[in-house]
Amino acid sequence: MNNDVKNKRNIGSVILYIALPLILIAVWQGYNLAGKLTPYTMPEPMAIINTAIDYIQNGKLFENVTVSFIRVIEGFLLALVSAFIIGINVSIFPKFNLFTDLLIQILRPIPPIAWIPLAILWFGIGQESKIFIIFLGAFFPIFVNTVDGVRNIDSKYFELSQVYEVSRQKLIRKIIIPGALPSIMTGIRLGLGNAWVCVVAAEMIGATSGVGYMLSDGRSLSRPDIVILGMLIVGIVGKIMDDLLKLIREKLITWN
């Protein structure tokens, strides 16, 4: 296949990739030009851009995104380490699984948002309560996928490790982590997505900064342009972070 054909296919793929958002914006603008939008409920696309420019110029956009980003990273990393350690131990120690299973299965279906009142009572309205909510949102997807990933490893590897008396540390390092890595990476991506959902929810209640605070502030001011800008920021930052995780996955899992 020559370079011209490849370039045409790449350009076609890019156009197809961005076509649907562009169509939606065109329809949105069309409704505005037809006079069917009311600015107090649904602003025109240009109003969102103007609001974004204002927020960039006064520094509020960078400040709010940075605050939310740091909270997400802190809660997510805490969840990642905890879910990985507990997930591996649950998978390889039946007694530890029996010991923890009932509590985990009861806690897992509870939405992280339901913990917000208790989180505020326990930790106040500062940073800790928001990180706790993010931790809960990210923990369970990573935990469940870690456990599933280990349990889906071919049992022959475990039998061979027993025959050759492979140490527990070497079993985890050489068999369990590589074998479960595709599933763990899926859990990490789901956990990161949940972390952004939770940070917005946590910041909408009792926060003075962050993207969730922007959404709440926009609602209080009856400014849907600020609300939509905040939603777009969450979507764009989440998309960028998910793409980075996919790149990391491709680099790490070359055999899958």
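## The largest pocket

Ser82, Ile86, Phe99, Thr100, Leu103, Ile104, Leu107, Phe135, Leu136, Phe139 and Phe140 line the largest pocket of this predicted model. A pocket here is an open set of points on a 1 Å grid over the protein atoms alone, where a 1.4 Å probe fits, with protein on both sides within 12 Å along at least five of seven lines; lining residues have an atom within 4 Å of a point. Two or more lining residues come from each of H3, helix H4 (94–107) and H6, and H4 provides the largest share, five residues. Helices in this report are DSSP runs (H or I, at least four residues), numbered from the N terminus.

The volume of the largest pocket is about 210 Å³, taken as the space filled by probe spheres set on the points. Its lining divides into nine nonpolar, two polar and no charged residues. For this division, Ala, Val, Leu, Ile, Met, Phe, Trp, Tyr, Cys and Pro count as nonpolar, Asp, Glu, Lys and Arg as charged, and the others, Gly among them, as polar.

## The second largest pocket

The second largest pocket holds about 180 Å³ of space and is lined by Ile25, Trp28, Pro45, Ile48, Ile49, Ile228 and Leu232. Helix H1 (3–33), H2 and H10 each give two or more residues to this lining, with H2 giving the most, three residues. The lining consists of seven nonpolar, no polar and no charged residues.

## Basis of the model

Residues are numbered from 1 along each chain as its sequence is written, and side-chain values use heavy atoms, with hydrogens and water left out. The model is predicted, and local features need pLDDT of at least 70, side-chain atom pairs count only at pLDDT 80 or more, and totals for chains, interfaces and linings use all residues.

## The nonpolar core

The largest nonpolar core has 59 residues, of which Ile133, Phe139, Phe143, Ile188, Trp196, Leu229 and Ile233 touch the most other members. Such a core is a set of buried Ala, Val, Leu, Ile, Met, Phe, Trp, Tyr and Cys residues joined through side-chain atoms within 4.5 Å. The elements giving two or more residues to this core include helix H3 (60–92), helix H6 (127–151), helix H8 (168–203) and helix H10 (224–252). H8 contributes the largest share, 16 residues.

Beyond its neighbours within four places in sequence, Phe143 is in contact (heavy atoms within 4.5 Å) with Ala83, Ile86, Gly87, Val90 and Ile104.

## Two contrasting residues

Arg71 is located in helix H3 and counts as buried because its relative accessibility is 6%; buried means under 20% relative accessible area, exposed over 50%, and partly exposed in between, with a 1.4 Å probe and protein chains only. Apart from neighbours within four places in sequence, Arg71 is in contact with Gln127, Lys130, Ile131, Ile134, Val199, Glu203, Ser209 and Gly210.

Leu98 lies in helix H4 and counts as exposed because its relative accessibility is 72%. Leu98 and Ile23 are separated by 75 residues in sequence and by 52 Å in space, C-alpha to C-alpha.

## Annotated regions

An unreviewed UniProt entry gives the annotation "domain: ABC transmembrane type-1" to residues 61–245; such annotations may be inferred rather than shown by experiment. Over residues 61–245 the chain is 84% helix and 0% strand, with its end C-alpha atoms 24 Å apart.

The unreviewed entry also annotates "transmembrane region" at several stretches, among them 106–125 and 194–215. Residues 106–125 are 50% helix and 0% strand, and the end C-alpha atoms are 26 Å apart. Residues 194–215 are 68% helix and 0% strand, with the end C-alpha atoms 18 Å apart.
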